[in-house]
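Subject: Structure handover

Hello,

Here is the structure I said I would pass on. Please open it alongside this message, as the notes below refer to residues by number.

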Amino acid sequence: MGSINLLMDIDKHYSRKENLLFPYLEKYGITGPPSVMWGVDDEIRELLKSTIRDLKEYNESKKGAVEDKLNKLINKIIEMIFKEENILLPMALDTLTEDEWVNILEGEKRLMS
């Protein structure tokens, strides 16, 4: 159970992305990918919370449903990683200035402390 709880760190990653990176992209009029990703991030968060609840209440009769939910969760997370690496990050690297990246880093440090 402890390992699945580590996945809740995804929520921290998504929060940083949504609150630190997306506002800069939106400043440049880039709203489509961030708004779609934010919606999917929320879906993943809810699916993760639901999966953790199911695991806490697990019994053998729920095995198939829990496995299906875990597979769906893993696939959604992998798809989001792909989108972040192949769409979001290249877009941000092409758009944001060095000073904006410094501001994002400083904002992340504030969030982490």
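What follows is a short account of what was found in it.

Overall picture

This is a predicted model, not an experimental one. The mean pLDDT of the protein is 92, and 98% of its residues reach 70 or more. Among the elements, helix α1 (residues 2–6) has the lowest mean pLDDT, 72, while α4 has the highest, 95. Where pLDDT is low, the predicted coordinates should not be read in detail.

The secondary structure consists of 5 helices and 0 strands. The C-alpha atoms fill a box of roughly 55 × 30 × 15 Å along the principal axes. Of the 113 residues, 30% count as buried. Among contacts between residues at least 6 apart in sequence, 75% join residues at least 24 apart.

The core

The largest nonpolar core has 23 residues, and those with the most contacts inside it are Leu 21, Leu 25, Ile 44 and Leu 96. Helices α2 (9–27), α3 (32–56) and α4 (63–95) each supply at least two of its residues. The largest share, 7 residues, comes from α2.

Leu 96 touches Leu 21, Tyr 24, Leu 25, Trp 101 and Ile 104, leaving out residues up to four places away in sequence.

Leu 73 is found in helix α4 and is buried, with a relative accessible area of 0%. Which residues is Leu 73 in contact with, leaving aside its neighbours within four places in sequence? They are Leu 7, Ile 44, Leu 47, Leu 48 and Thr 51. Leu 73 and Phe 22 are 51 residues apart in sequence and 23 Å apart in space, C-alpha to C-alpha.

Helix α3

Helix α3 has 25 residues and reaches 37 Å from its first C-alpha to its last, close to the 36 Å expected at 1.5 Å a residue. Its buried residues include Met 37, Val 40, Asp 41, Ile 44, Leu 47, Leu 48 and Thr 51. An α-helix has 3.6 residues a turn, so residues three or four places apart point the same way. The buried positions of α3 can be looked at with that in mind; among them are also Pro 34, Arg 45, Ser 50 and Ile 52.

The aromatic pair

The structure holds 1 aromatic pair. Phe 22 and Trp 38 form it, and the pair is tilted, with 5.9 Å centre to centre and 45 degrees between the planes. It links distant parts of the chain: Phe 22 lies in helix α2 and Trp 38 in helix α3, 16 residues apart. Are the two partners buried or exposed? Phe 22 counts as buried because its relative accessibility is 0%, under the 20% cut-off. Trp 38, at 32%, falls between 20% and 50% and is therefore partly exposed.

Glu 84

Glu 84 has its place in helix α4. Its relative accessible area is 13%, so Glu 84 is buried. A polar contact of 3.0 Å joins the side chains of Glu 84 and His 13. Not counting residues up to four places away in sequence, Glu 84 touches His 13, Tyr 14, Lys 17, Met 37, Leu 89 and Pro 90.

Regards

Methods:
Residues numbered from 1 in each chain as written. Predicted model: local features only at pLDDT ≥ 70, side-chain atom pairs only at ≥ 80, totals over all residues. Heavy atoms only, no water. Core = buried A, V, L, I, M, F, W, Y, C linked by side-chain atoms within 4.5 Å. Buried < 20%, exposed > 50% of the residue type's maximum accessible area, 1.4 Å probe, protein only. Helix = DSSP H or I, 4+ residues; strand = E, 2+ residues; numbered from the N terminus. Contact = heavy atoms within 4.5 Å. Expected span 1.5 Å × (residues − 1). pLDDT = per-residue confidence, 0-100. Polar contact = N/O pair within 3.5 Å; in protein donor to acceptor, adjacent residues only side chain to side chain. Phe/Tyr/Trp six-rings, centres within 6.5 Å; stacked < 30°, edge-to-face > 60°.
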